[in-house]
Amino acid sequence: MGLGHTYAVALTGVHGSVVEVEADIADGLPGITVVGMGDMAVAQARDRVRSAVVNSGVGWPRTRITVSLAPAGIHKRGAGFDAAIALALLAAEGVVPEGAVAEVVLIGELGLDGSVRPVPGVLPALLAARQAGKSEAIVAIDNLQEASLARGMLVRGVATLKDLIAHFRGDAGRLIVPGPRMQAPRRDLPDLADVYGQAEARFALELAAAGGHHLALIGPPGAGKTMLAARLPSLLPPLTEAESLEVTAIHSVAGTLDPTTPLLVTPPFIDPHHSASLAAMIGGGSGDLRPGSVSLAHLGVLFIDEAPEARRTVLDSLRQPMESGSVLVARAKQVARFPARFQLVLAANPCPCAAARDVDCTCAAGIRRRYLSRLSGPLMDRIDIRLDVPPVDVAALTGPPAAQESSAVVRSRVVEARARAAHRWREAGYRCNAQVQSRTVREWWRSHGPRPVLLERAVRVGALTARGYDRVLRLALTAADLAERPVPDASDVARALALRCGEAA
Amino acid sequence: MAAKDELGRRGEDLAADYLSEHGLVILARNWRCSEGELDIVATDGIDTVVFCEVKTRSGTAFGTPMEAVTRTKRRRLRRLAFLWMSTIRPSGWPKLRFDVVGIVLRDNAKPELTHLVAAF
């Protein structure tokens, strides 16, 4: 006969809301009801919690038990509520002091033997709890490193329900405190030094890294498109602390973190297969809303190989997050906004037969023409750099390995160029050229830049759209940033225009 | 009579005595129809008809007697109560109440009786 309560967190996408878990033990026929819009996993918590409690050596109340998850209006998903339900119940039963568990946030799934198991999404859950003013949390040991990233909260890990009960009964030393934060080894990213020749492609990649520009690589198989794309993350500056947390929270919900070194410090590289569905790309799913590839690639690189083979709806769905930096995934029961500020890299063969040399192409002219047009105009219009990747030079392949610049060298130039761009836009608050609003770019150019005669002509003859015009200005700015010129000159503009209007696209 | 029926019979007698001692008037015992059986029907003498299910066990190794009153059994008891009402047609509009009496009858020990008022 009693009432107990404690806290857990419900996640919608990457946003958490604190949930009060109440348990009431009253007269009545034995049984347990869980109310408050739980999904199947929450309903099944009844059976897990019962076995876990009994196997932890505590009696199960043989009366009517009601568990309520409040606020009742939010959908609650997953097994992460088990630990909170068990402790609320034990407090109601009087096994642990009611006051001891009343302010703590508990997140963990229970095994039938009473072990406390990790669940996905612990970091965003604790960030939400901290936001809501909670100061103490207990999670499964395998979630502890991740949970400890929520600075400013007292976070501890627990192995079993038995230890948890002992802790709340005043037995010190049953909980595990987080160890020193393990420095995630900088992932061994593939290095640009591996790329032979391809001087133009290397420069384009550097430009893309420095300005945050989207990139399309077009060339025959074996030219090194995938190789080049995979090296883009190594040219990007490492994530800042705030960015790291943002990215890690998304990957936490997806359940892809390494329990020992959960913090992601390098820009992610996500390469979904071209057969990816709309939900896989954008996010969604029928139960939990899971982040899609665009969100996993947040603050990193989204690479789509064989882009013309991808479904058109899937490719075109990228347009909206490319503009807004986030996706709103709406389903009948819930709506979640996922961050999705990614840098897009598309790779494509010039035609279906993909002969190494254009003269060997066996495709009918119409087919060849239609192939790349599968990449829709509005999508390609948002891509600043369209690069032809020619087959590798025989000389570069067989000759003595030329000393190639490594990623670290290029990255230092990229970091400097980005600093110059950030300085230029410090008042508008942009961090790289590709993000800047069209109006802002044009205004800056009108008062600082040279008259872009070349671009005016290109627009006049229809080679460049209005959006394309602004995009070339941004690209020219990045070229100037890399060349350490405060103001772009005619050569920067010419270079930008050439990259924008790559012959193949 | 089989041992388990004997046990049940003893339990029901104990329960009936207990309810009588606590001021209820027994209206019927082991009322049967094609749908099943009501163990005890009683009244508080004012305005309530009490349908009482008696569950007797010789030990708790397979759970308490209370736990044996499952959802299916509760549903059947409700149906039986309405059948009883429509057969007997007591005057007025009495309130209905469903009680459960759980009894553990161990060998050579005093019976342990639990009376759950308005159990469902």
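Predicted model: local features only at pLDDT ≥ 70, side-chain atom pairs only at ≥ 80, totals over all residues.
What pLDDT does chain A average, and what share of the residues score at least 70?

View 1. Chain A averages a pLDDT of 89, and 97% of the residues score at least 70. Among the elements of chain A, the highest mean pLDDT, 97, belongs to strand β5 (residues 105-107). The lowest, 71, belongs to helix α17 (residues 394-398).

**View 2. The partners of strand β4 of chain A.** Strand β2 (residues 15-26) of chain A runs antiparallel to β4(A), joined to it by 7 bridges. Look for A:Ala23, which stands opposite A:Val67 in β4(A). Strand β3 (residues 31-35) of chain A pairs with β4(A) in the parallel sense over 5 bridges. In this pairing, A:Thr33 stands opposite A:Thr66.

**View 3. Helix α22 (residues 490-500) of chain A and its packing.** The buried residues of this helix are A:Asp492, A:Val493, A:Arg495, A:Ala496, A:Leu497, A:Leu499 and A:Arg500. They pack against α7 (199-211), β18 (385-388), α20 (453-460) and α21 (466-482) of chain A.

**View 4. Where chain B touches chain A.** Here 5 residues of chain A are in contact with 8 residues of chain B. The chain B side of this contact divides into 6 nonpolar residues, 1 polar and 1 charged.

Definitions and conventions
Residues numbered from 1 in each chain as written. Chains lettered and ligands numbered in written order. pLDDT = per-residue confidence, 0-100. Helix = DSSP H or I, 4+ residues; strand = E, 2+ residues; numbered from the N terminus. Pairing = 2+ DSSP bridges. Contact = placed C-beta atoms within 7 Å. Nonpolar A, V, L, I, M, F, W, Y, C, P; charged D, E, K, R; others polar. Buried ≥ 20, exposed ≤ 12 C-beta atoms within 10 Å, placed from the backbone.
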